[in-house]
Amino acid sequence: MPYTEVEGRRLALSNLDKVLYPATGFTKGEALHYYVTVAGALLPHLRGRPVSFLRYPDGVDATAFFAKNVPPGAPGWVTVREITQVSSEPLRQVLVEDLPTLVWAANLAGLELHTPQWCVEHEAQADRLVFDLDPGPGAGVLECRTVALWLRERLAADGLTVLPKTSGGKGLHLLAPIEVTPSSAVSAYAKRAAVEAEAALPGLALSKMARALRPGKVFVDHSQNAAAKTTAAPYTLRAKQRPSVSTPLSWEELEAARSADELVFLADQVPLRLENEGDLMAPLLDPGLARPLPGT
């Protein structure tokens, strides 16, 4: 088993040649390389937030393991926090705040990294708002864009700065920095906005989760603002047929896209994109842009 040293931490690496994405031949070693390459942009979005891992030790076509609690055998230097306010039983969750921990997680085939909208220093008190725009059958990311543009304007009227990213699948995520607010209040605000979107775009936007209503429409999923819920982090890999990435966008490129393919970014594209564009989601981390939610 090969070993490597990362910022003074000795790590055992395993099965680097194992193919995790059979459709493309993308290996575990390539996943580790991807995460190391984008760590400078990714880690600030994880800092202070307990990470839930979607692990695919046998590849994306095999069984996945959703791990909230720290996996057995974690090195002693991995930062773990007890989370007490979001579930019936306390959780012991990992904070991925440095490169060694990120490499360790990737070596466990933790392909997907998901975080809540709050930090451990203020459990169940969100510092950002999120919408997951999820297209039903017959709709796609371009339909999501129409809903996203409406939500951008609606939330701007409340003083909120909305930032888009791809989900890494067929949809979009919208995030806005907010002043620290109880997650229950954020959830209520997001639900009201989703209902307003449905009223404004009745043939397209949907605020209810019912599958029977989904064909041709975009579900404005507000539920991920709940304290116990998580959302795919910026720059995480997604377990699709290809190694797609949840990738921050500019509003200009989102508006200019003529096809869904223009809004799909794979692991081998994102490092150059970061080099050229920087982290388009960086404003999410700017406390100066955080605004209070109306009515809170």
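Me: Is Cys-119 buried or exposed?
Reply: Here we go by relative accessible area: buried is under 20%, exposed is over 50%, and partly exposed is in between (1.4 Å probe, protein chains only). Cys-119 comes in at 11% relative accessibility, so Cys-119 counts as buried.

Me: What kind of model is this?
Reply: Residues are numbered from 1 along each chain as its sequence is written, and side-chain values use heavy atoms, with hydrogens and water left out. Local features need pLDDT of at least 70, side-chain atom pairs count only at pLDDT 80 or more, while totals for chains, interfaces and linings use all residues, as this model is predicted.

Me: How many disulfides does a search of the whole structure find?
Reply: A disulfide is a covalent bond between the sulfur atoms of two cysteines. The search looks for a pair of cysteine sulfur atoms within 2.5 Å. Over the whole structure, the number found is 0.

Me: Which residues of helix H6 are buried?
Reply: Helices (H or I, at least four residues) and strands (E, at least two) are DSSP runs, numbered from the N terminus. H6 covers residues 270-277, and Glu-275 and Asn-276 are exposed on the other side. The buried ones are Val-270, Arg-273 and Leu-274.

Me: Which helices do the buried residues of H6 pack against?
Reply: Contact means heavy atoms within 4.5 Å. By that rule, the partners are helix H1 (28-46) and helix H5 (251-256).
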